[in-house]
Amino acid sequence: MKKIWLLIAAVAIVSCKNEAPIKYAVLTGKITNKLPGEFTVNSMDRSFKEIIEIAEDGSFVDTLTLKAGTYMLYDGKNATPVYLSEGFNVNVAYDANDFKNTLAFTGEGSEISNYLQAKSKTEKEIMGEGMGVYELEEDEYKAKFNEIKTALNNLLTSTEGISEEFKSKEQRNINYGYLKSINIYERYHAHFAKKPEFKVSEGFLAELDGMDYSNEEDFLFSSDYKNLVSSHYFKQASKLAEKDSIDADLAFLKTAAQIQGETIKNSLLFENAKYGITYTENLEEYYTAFINASTNEDNKKEITETYNKLKVVAKGQPSPKFENYENYAGGTTSLDDLKGKFVYVDVWATWCGPCKAEIPYLKEVEAKYHDKNIEFVSISIDKAADHDKWKTMVEEKELKGVQLFADNDWNSQFVKDYLIKGIPRFILIDTEGNIVSSNAPRPSSPKLISLFNELNI
């Protein structure tokens with residue numbers, strides 16, 4: 001009898017112990033007609049990426065250690081937001097051939113993901129197709145986005161199974177979405193309504209007056225709030241650049257350095273510097289400004305690694321080489337084949353809008369310098385699957401110069417050696433194969449001709 005009571009007591013003790021909190025989210029599901037390529041879950045700021053292994057039958061299961069928030073699932077064609085947090089067990093299923101009509105979230109914590117789907121659908125239904133909403137005049141535009149804000153608040157209120165904490169943050173997020181739409185209207189309306197000189201009327205932006213740009217909780221939760229904060233400090237940086245006659249990229253670092261909240265300051269500094277340092281014309285000054293401003297050691301370490309790599313492609317250093325790239329005119333071409341001439345390299349792709357916008361200017365420059373000691377080389381980093389698109393565009397746009405196709409798109413060694421993270425990118429190499437500028441002016445910039453004149457090309 002004593003043994004029985006001891007066993008009961010032992011079971012009671014074990015039962016009364018607090019269970020260890022779950023420190024991960026579980027993501028399961030099944031994709032019918034899975035497309036070729038990776039299936040990934042990515043954070044909205046691209047700081048987190050996990051490749052999910054898919055079984056032959058399309059099923060998957062993975063445990064993810066991550067911060068609570070909205071992530072993006074992507075299968076190479078279809079993308080959908082999913083909200084994940086510690087303790088969630090979310091199941092996602094869809095047919096890749098009918099994604100829109102078959103996508104379904106179930107399981108513990110799936111209510112938020114289903115809300116996000118309904119939110120996206122509601123926004124699209126009210127905004128309509130295309131970019132026509134940005135052609136609306138001021139009053140109609142505000143009315144349209146007020147309608148969206150009201151509809152989303154009603155949707156949130158009526159959705160069951162969502163915590164009050166999330167609802168409170170999401171209510172603010174919905175309002176930030178409205179304010180962001182107001183903030184971008186001038187630029188978007190000028191573009192889509194084809195009114196390049198358009199300015200909003202006095203008072204249009206009044207709802208942004210007195211806004212708090214220091215809310216770190218909302219900065220981490222709401223991409224729209226983050227956009228508003230970033231826009232606010234870019235505007236301040238633009239004023240500083242004009243006042244002190246300094247480059248815009250340095251002005252932004254100096255402006256962000258004054259932010260009091262460490263979370264917002266370090267985030268804006270790092271997200272700007274990840275790409276900005278690869279474009280800056282003042283590498284040493286830019287790097288020093290970032291290191292002095294940032295207090296995040298991991299961020300400083302990553303930017304320092306990039307800085308050290310960029311010094312290898314600084315002015316005067318031997319240029320990294322490309323070898324045996326397919327030439328549209330036939331055969332292959334290597335950088336060494338062009339030695340003895342200046343080489344102006346344009347790294348681009350058929351899908352890149354800003355790249356295509358430079359084409360008319362590049363043609364003009366090529367025509368002006370066609371008999372000079374310089375070769376104009378355009379390197380496409382399109383994927384192999386888009387090879388025919390490249391050939392078609394070269395033909396239809398009557399692209400001049402040396403038209404090459406890189407051997408491995410973004411992963412081509414030449415692209416990685418130059419730390420190219422965005423295109424278009426222009427590089428100028430001298431007659432001996434040394435770097436004149438790893439961030440040469442664009443063809444549309446008057447600075448390019450000035451640079452050519454300095455070099456007596």
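**Group meeting: helices and sheets in a predicted model**

Just after helix α5, Lys194 takes a positive phi of about 55°.

A second residue with a positive phi is Asn33, where the value is about 60° although Asn33 is not a glycine. You will find Asn33 in the loop that runs between β1 (25-32) and β2 (40-43).

Strand β1 takes us to the sheets. Strands of a sheet pair through backbone hydrogen bonds, either parallel or antiparallel. In the open sheet that contains β1, 4 strands follow the order β4-β1-β7-β8, and their pairing is mixed. Which strands stand at the edges of this sheet? They are β4 (59-64) and β8 (104-108), each of which pairs on one side only. From one strand to the next, the twist averages 15°. If we look at the β8 end, strand β7 (residues 89-95) pairs with β8 in the antiparallel sense over 5 bridges, and Asn89 stands opposite Glu108 of β8. Across β7 and β8 lies helix α3 (residues 110-127), which runs at about 155° to β8.

The other open sheet I want to show has 7 strands, in the order β10-β9-β13-β12-β11-β14-β15, again with mixed pairing. Its edge strands are β10 (332-333) and β15 (435-437), and each of these pairs on one side only. Within this sheet, strand β11 (residues 342-348) and β14 pair in the antiparallel sense over 5 bridges, with Val347 opposite Arg425 in β14. Helix α13 (residues 359-368) lies across β11 and β12 (374-380), and the angle at which α13 runs to β12 is about 155°. Please also look at the loop between α15 (413-417) and β14 (425-429), for that is the place of Pro424. A cis peptide bond, with omega of about 5°, joins Ile423 to Pro424.

I finish with helix packing. Two packed helices are described by the angle between their axes and the distance between the axes. Helix α10 (residues 283-293) packs with helix α11 (residues 297-311) at an angle of about 170°, and their axes are 10 Å apart. Why do we call this pair roughly antiparallel? Angles over 145 degrees count as roughly antiparallel, and therefore the angle makes α10 roughly antiparallel to α11. Among the residues that make the contact are Tyr287 and Phe290 of α10, together with Ile303 and Tyr307 of α11. By class, the residues of this contact divide into 7 nonpolar, 2 polar and 3 charged.

Helix α11 also packs with helix α9 (residues 262-279), at an angle of about 10° and with the axes 10 Å apart. Since angles under 35 degrees count as roughly parallel, α9 is therefore roughly parallel to α11. This contact includes Phe270 and Ile277 of α9, and, on the side of α11, residues including Ile303 and Tyr307. The contact of α9 with α11 has 6 nonpolar, 4 polar and 2 charged residues.

Methods. Residues numbered from 1 in each chain as written. Predicted model: local features only at pLDDT ≥ 70, side-chain atom pairs only at ≥ 80, totals over all residues. Heavy atoms only, no water. Helix = DSSP H or I, 4+ residues; strand = E, 2+ residues; numbered from the N terminus. Axes fitted to C-alpha atoms, helices over the stretch in contact; angles between N-to-C directions. Parallel < 35°, antiparallel > 145°, perpendicular 65-115°, else oblique. Contact = heavy atoms within 4.5 Å. Nonpolar A, V, L, I, M, F, W, Y, C, P; charged D, E, K, R; others polar. Pairing = 2+ DSSP bridges.
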